Amino acid sequence: MSTGTHGGRAKCLQRLVRLDMPVPLTVALPFTTVHQIAQGNLPDVDAILAEFGEYPLLTVRPSSEDPDWGGPGAILNVGMNDALHGLLAERIGQEAADALYLRFILAYAIHVERIDPEAFDLPESYDRAAIDRALEIYLEETDTDFPQTPAKQLAEVLKSMARAWEGTTARLLRQAKGAPADAGLGLVVQDMALGLGAAESGAGVIQFVDSTTGEPQITGRYLSQSQGRDALGQGAGAIYLTRDARGPSLEDLAPACFETLLDYGVLCRKRLREEMQIEFTIESGTLHILDAVRVQRSSRAALRIAVALAEDGMIPKEEAILRIAPRALTELLHRQVDPRGPRDAILRGIAASPGAATGRIVFTSNAAQAAAARDENCILVRHETSPEDIRGMHASVGVVTERGGMTSHAAVIARGLGLPCVVGVQGLTLSSRRKELIVADGRRFSEGDVVTVDGATGEVLAGAADLLEPALGDAFQTFMGWADQLRDIGIRANADTPADALMARTFMAQGIGLCRTEHMFFEEDRLTLMREVIFANGVPARAAALERLLPLQRADFTALFRTMQGLPVCIRLFDPPLHEFLPGDREGMREMAEAMDLPLADVARRVELLSEVNPMLGMRGVRLGVTFPEIYDMQARAIFEATIEASRDGDPVVPEIMIPLVSAKREVEMVRANVEAVAAAVRAERGVSFDYKLGVMVETPRAALRADEIAQHAAFLSFGTNDLTQMTYGLSRDDAGRFMSEYVRQGVFAEDPFHVLDFDGVGELLTIGATRARQTRPEIVLSMCGEHGGNAESIAFCRDAGFDYVSCSPFRVPVARLAAAQLALTQPRRGAPVANL
């Protein structure tokens, strides 16, 4: 017998029998037999019943290969009829026998004969009158008497459950959960252990870890007949398992059974190598084990359980690594809404950045900064965010936008900052002027009202939900240490500020793979200086403004280098179009005119002159460095001076300088010549030697196709798959969310290419670029630094393509580390050896 032939429940029961647990007599029907039953070919039902004696009383349960795939509900008390009802009344009492019979009639009528439950208008009492009325209604609805023979009952139950499994609706539901279309179902026919008797009797379940935290803890429930809460489910509810001042417990009522259950828990852990929930009954002091299933668990509990099993020698470390899905780690890295608490969802959208946070609603970045100054948590709600909102996002604990997708500005920045974020919210009416939002059910929420953002589910909840703190304790650190011992590709972090770098160190990134320097310019004092650079008339004026930015950039880079303590730091030179630093409305232009002491008309005129029809394909990236070389010169000088400063205090710093948006070899040659000149000048001025690496960010299709030429002048190539996907598809990553779900639904795209790397199109460009670059320069370092870098599928692609590392948002670093370790275990690397990072 195996899980693949009889299902998980049957296989587990077989194991329990082999462990000498008191499992009631059981017959397991394999997938093939159940499929035949669905086709109308019944097995020998009389032969099955003969195993259970003259008066069988049975339960029939489903046994699928994976319990998450679902299945038909169990049918209890099969075999119950007038004759057995009389016998049971003598043995367990009239009331209990009546309840058993009535419950079976109702279950059979509703789940086997498919009678509408509302047809059964019964008295509240469980007595013979209720039974007779139920039998009358059954006759009225089916034109036949209720079957009295166990053979007829069992045959119809088997047919009903088999056909339910193979029905179209059930098949589609389980396929949505990952089951194959031809997934089989086994059925388990088991002797009923009622949990009723003269001495202590009852039924319950017990487990030995907490499902939410994974910590050792006896939990479950027990329904005691002797305490007025019988195994039929009547009465006020369960009593406690362990001794408690609040009332009687299983430990008090049946101490021997309780101790035996504890022993069985240890036995399951040792022999089944898993934490199990045990279903049991006690009948007149005799314990019966009905089933044992894998304990349901949160991601944080799953990790703690896996580590504990490995540390106790129950499973090897490699198996512990493979038991945890990489994406599940996000639950551990952030606060999470406690699944045990109530939740009132008022908005639903795309879960763009994981975690959960509670705060007061604000509608502008200024309001967010004001709230932060008052030490108040706030949730920034916008139609969509722009670079001007970065300061407000930094001041917020969560972000919600009406528009956008997984790679919109809000989503990307929120993931980098570790903020929970929900984008593309449906049914939201937002008025920043009235400082109010209206949700689909008509409720209104004003600025200052408290909400909770659940970035794991894409929901916004009314009020302050119960939150769980991040789980980064010893179990997490141990687990990630095992992963690092196994993986064979480097994992770096995208980090723009010293705070980001510190988070990267916390999550054990092997360096910074992408530092986006433009994010350093959005602080209020720096934004004014940057605008002075943009408004400068001529090179001397621009150089003077840049001179004022130089010490700020130098301080930023020095802090980054010191935080990373000798690990590599790859700094991307200025990339965005200049318009992103300029206000888009009259109020913003007026404030800018005041700050720069310029006429409003001059500001408006310059903003208009700098506007572009398609700025993301216009004057940005290396094009700025070629047109205004003094900008890149300032940044290079800041990097080199910071290198000297940081190297005084610790390990020598070897910065990596990356040129963005390259499409031609000549662009690299020009920028390289300028950077080398700055490096020579700094060496001469300071009398200090230092090393650095110059590389290229491959974001245009042409750069990938001409990588052999570009590699002649680059120590490394880093593929920026966000922009490369955008340019390959001709899609705006900020706008694609408006129709992408429909494209995926209709099969135009298998997945959102901004969320999951397009291996066929964009991936081919990566392969071409990597191959051609290494033909020219075999030692060149290759990496991916787009948002795709944190996906297991993308990491697998990069390993096969011979890439040296991937870089992703700091909070995705542990996810990438685990994914890489699992790939090393399951897919031996075929690509080139990893370079010395």
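Which residues make the nonpolar surface patch of about 240 Å²?

**View 1. The nonpolar surface patch of a predicted model.** Phe739, Tyr743 and Val748 make this patch of about 240 Å², where patches are made of residues with over 30% relative accessible area and no salt bridge, nonpolar side chains being joined within 5 Å (a salt bridge is a side-chain nitrogen of Lys or Arg within 4 Å of a carboxyl oxygen of Asp or Glu; areas follow the Shrake-Rupley method with a 1.4 Å probe). Tyr743 belongs to helix α30, residues 740-745 (helices are DSSP runs of H or I, at least four residues, numbered from the N terminus), and counts as partly exposed because its relative accessibility is 33% (buried means under 20%, exposed over 50%, partly exposed in between).

**View 2. Surroundings of Phe749.** Phe749, in the loop between α30 and α31 (762-776), has a relative accessible area of 17% and is therefore buried. Leaving aside neighbours within four places in sequence, Phe749 is in contact (heavy atoms within 4.5 Å) with Tyr729, Leu731, Met740, Tyr743 and Val744.

**View 3. The largest nonpolar core.** Among its 123 residues, Ile324, Phe557, Phe561, Phe574, Phe640, Leu717 and Leu766 touch the most other members (a nonpolar core is a set of buried Ala, Val, Leu, Ile, Met, Phe, Trp, Tyr and Cys residues joined through side-chain atoms within 4.5 Å). Helix α25 (residues 629-649) contributes the largest share of this core, 10 residues.

**Notes.** Residues are numbered from 1 along each chain as its sequence is written, and side-chain values use heavy atoms, leaving out hydrogens and water. In this predicted model, local features need pLDDT of at least 70 and side-chain atom pairs count only at pLDDT 80 or more, whereas totals for chains, interfaces and linings use all residues.

Notes. Buried means under 20% relative accessible area, exposed over 50%, partly exposed in between (1.4 Å probe, protein chains only). Helices (H or I, at least four residues) and strands (E, at least two) are DSSP runs, numbered from the N terminus. Patches are made of residues with over 30% relative accessible area and no salt bridge: like charges are joined within 9 Å, nonpolar side chains (Val, Leu, Ile, Met, Phe, Trp, Tyr) within 5 Å.
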